[in-house]
Amino acid sequence: MYSKKLFKTSLIATSIALSIASTTAIATELVQQVEVKQSVNEINSIREKWASYFLGDVNQPITENMKTQIIEINTQAKELLNTMTLDKNGLWEELPLHKDSAAEKQKLGVNLYATYNNIFTLARAYKLQGGELYHDSDVREAITESLVLLNEHHYHVGTPEYGNWWHWELGISRTAQNTLVVMYNDIPYEIVNNYVDASRYFVPVPTHLSVGYGAPYSSAPLAWESTGGNRTDNAQVVLVRGLLENNKDEIKSAIAALPSVIPYVESGDGFYSDGSYIQHKDLPYSGTYGQVMLEGLGMLLGAVANTEYQATDPELQKIYPLMLETFAPLLIDGRMSDMVNGRAISRMTGQNDEIGESVLSAMLLYVDGAPLEYKEQLTSFLKHHFDAKGGLEKTRLINNHQIADRMMMTREVKEQSTVSHKQFPNMDRVIHHRDDWSFGIAMHSDRVGNYESINGENLKGWHTADGMTYLYNQQKHYSNGYWVAGDAFKHAGTTVLLTERENATGQLSAQRNGRNGAMDWTGGASLGDYGVAGMKFVNFNSDLSANKSWFMFDNEIVALGSDIKNSSSDQAITTVENRQVEQAASLMVDGLTVEKFNGNPKSFEITYNTDAPVNEHSTIQYSILDDSVVDIQKQCRSGDWSDIGTSQGSVTACFYEAVINHDDNDSYAYMVTPNRTEISDSVTIVKNSNGVHAVEHKELGIFAANFFEDGKAGFITADDQMSIMTQEKDGLLYVAVSNPTRSWFDIDFTVDGSIELVEDSDKRVELNDNKLSIDMNGLAGSSYKFVIKRK
């Protein structure tokens with residue numbers, strides 16, 4: 001039996017406890033509400049940061065280049081509005097959205113992507129302050145109605161991905177979501193919500209593509225893990241979707257998916273320790289897919305910086321040295337070397353100056369957050385290129401104009417050296433820089449594909465990596481219609497057959513016909529700022545083969561070829577030059593001005609700049625170093641961008657072509673002296689036999705050789721296939737040697753006379769009397785450098 005007093009006390013205690021619990025619950029709920037509000041506010045800030053990429057930072061002044069670009073965007077938008085019709089079969093006449101026939105379905109993704117790009121242009125015009133269409137209600141209405149129409153009929157849950165997967169999953173998804181971010185406060189949220197659902201249908205996760213139910217209808221019907229530039233785009237779709245939906249989990253998962261793009265790989269897509277960047281399994285793509293990866297990563301990291309979502313994985317810090325090793329060496333006064341731009345060379349908007357500007361723009365995203373050890377290098381590099389091209393002229397990320405202006409106004413930075421030589425063995429590319437010219441070589445092998453033609457692009461890229469040489473100077477040689485009007489069989493440096501070729505044939509890559517298994521010798525050696533490169537070339541159908549080498553010095557490039565074998569009835573040729581020139585450009589052979597020439601000249605020079613007096617900045621010298629007959633003539637040719645890709649527009653250009661016709665078992669030897677009027681006499685050909693190419697540069701004390709088989713050249717006797725460069729200086733012999741075949745065996749060679757080993761940093765050299773054995777294991781075609789001394 002209990003007393004009433006005890007019951008009353010118990011009741012009071014219970015009441016107090018319930019009151020405390022209720023108060024605690026209310027307090028907890030209030031804290032949670034505050035946390036949710038704070039989280040939403042932070043996501044709002046990130047979303048505004050994302051919008052600022054395309055609209056500029058409202059807290060920073062509008063730069064002159066921004067003003068110019070705002071005018072251009074408004075002009076484009078007005079043209080789009082004048083030709084726009086709200087019709088489910090196409091908002092613009094030139095971009096039909098039909099899907100009745102198989103052919104129409106194949107084009108649907110392409111045209112829908114272009115349509116969304118047009119709407120994004122309208123959205124930017126509507127939101128860009130200072131523009132004629134800023135906050136124009138008619139523009140907002142056009143954007144809103146277009147988004148509703150396209151979502152209802154084309155881009156929604158359940159849509160089959162007809163054609164190329166990329167357009168649906170990455171192209172349209174990113175562009176549509178960027179439009180929604182820009183217009184976030186100006187359109188009904190129902191539209192945003194519908195697009196969030198559609199985006200999740202096409203791209204459910206940030207690490208894999210072709211996961212959605214529409215993928216089986218596409219060019220990539222099976223799910224696959226994204227890599228490189230595709231991974232950053234993949235993650236971007238999910239992150240921006242999270243910003244639109246205030247979804248913390250998706251933002252976090254997108255950032256967590258990024259570190260995998262950074263670590264070095266040893267095969268397939270990604271970065272390599274030598275600075276190579278590969279996409280599509282075996283194709284050099286630093287300039288396009290690499291740019292996409294660099295820009296995408298920079299945008300993602302920048303958007304979440306200093307928030308709870310900030311990326312903290314230390315792997316991501318490696319992007320700074322990677323930029324300087326992978327992208328920086330391939331830029332020439334703001335231009336990205338064409339040899340790493342892949343099929344983009346066939347796009348009117350994919351020329352080296354535009355891709356170069358895109359790469360520089362992407363690098364700007366990293367300047368403010370760069371660690372001190374890289375900030376000065378990065379700033380110095382960017383300022384050099386912006387100085388060379390007159391600043392950042394045009395960029396997709398308009399706020400980069402503001403970053404560039406701030407950077408250019410900073411204190412003076414250390415002057416950057418423009419003299420360098422770099423080899424990329426894992427993508428069979430070489431770049432050689434001097435103060436007023438740069439020289440590149442594009443090769444392929446049983447490890448690296450020759451070219452890519454997909455989606456109707458790069459239809460005549462047949463010989464762009466068959467030893468094509470790329471000479472950059474003050475001219476706009478490659479970005480001025482070269483790929484359209486130039487003869488695709490006569491790229492400088494190549495040895496080819498003049499035979500009928502169908503578009504896009506002879507693709508020797510992992511994703512097409514398989515790599516060229518007959519080409520196991522491709523590579524070279526580099527020593528300081530000099531290098532030698534070569535390959536045992538076999539053409540796409542094995543009818544033609546040749547041993548080819550290039551030797552690169554301060555003023556000269558020497559090209560040797562031998563063992564040229566042709567089993568077909570077609571003519572084999574080597575193109576010394578195919579230089580785009582003005583109509584009035586002149587040709588001089590052995591000191592005499594001529595219209596054309598056929599014979600064995602000692603030298604010839606092309607004056608390409610007719611607006612300036614003939615001097616070293618308007619002339620390229622060529623010396624023929626054997627008895628080869630060279631046919632030199634000016635050819636003016638016309639073409640259309642549609643001949644090589646999906647762009648349209650006619651091009652007419654003139655070229656000086658210098659070609660050597662070959663008999664069987666033939667050879668060639670020539671030297672190019674860029675931007676010089678004098679003929680160099682510093683180079684001597686030591687050997688140009690079927691199995692060995694060797695050159696000596698007397699002034700520099702350099703000897704270099706490619707041994708395609710064992711043999712002797714100069715003071716070197718090689719027991720194995722190898723590439724070697726030596727330089728005698730201050731009583732020492734500096735040596736760089738590589739194994740272009742990547743065989744497991746050591747490289748053995750003998751040096752004439754008695755020698756001793758002075759420096760061997762990695763303990764790879766074994767010396768027995770005057771015979772050297774070099775352990776090349778793990779070097780993957782890169783050079784090993786050591787020092788010896790003659791006794």
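Predicted model: local features only at pLDDT ≥ 70, side-chain atom pairs only at ≥ 80, totals over all residues.
Residues are numbered from 1 along each chain as its sequence is written, and side-chain values use heavy atoms, with hydrogens and water left out. Local features require pLDDT of at least 70 and side-chain atom pairs count only at pLDDT 80 or more, whereas totals for chains, interfaces and linings use all residues.

An unreviewed UniProt entry lists H280, Y289 and R343 under "active site"; such annotations may be inferred rather than shown by experiment. The three residues span 64 residues in sequence, yet no two of their C-alpha atoms are more than 11.9 Å apart, so they gather at one spot. Y289 belongs to helix α9 (residues 289-304), helices being DSSP runs of H or I of at least four residues and strands runs of E of at least two. R343 is placed in the loop between β7 (335-336) and α11 (352-364). Y289 is buried at 13% relative accessibility, and R343 is buried at 7% (buried: under 20% relative accessible area; exposed: over 50%; partly exposed: in between; 1.4 Å probe, protein chains only). Beyond neighbours within four places in sequence, the contacts of R343 (heavy atoms within 4.5 Å) include H280, Y289 and E452.

One disulfide is found in a search of the whole structure, the criterion being a pair of cysteine sulfur atoms within 2.5 Å. It joins C636 and C654, with the sulfur atoms 2.0 Å apart. This pair links distant parts of the chain, with C636 in strand β23 (residues 630-640) and C654 in strand β24 (residues 650-662). The torsion about the S-S bond of C636 and C654 is about 100°, and the disulfide is therefore right-handed. C636 is partly exposed, at 41% relative accessible area, while C654 is buried at 7%.
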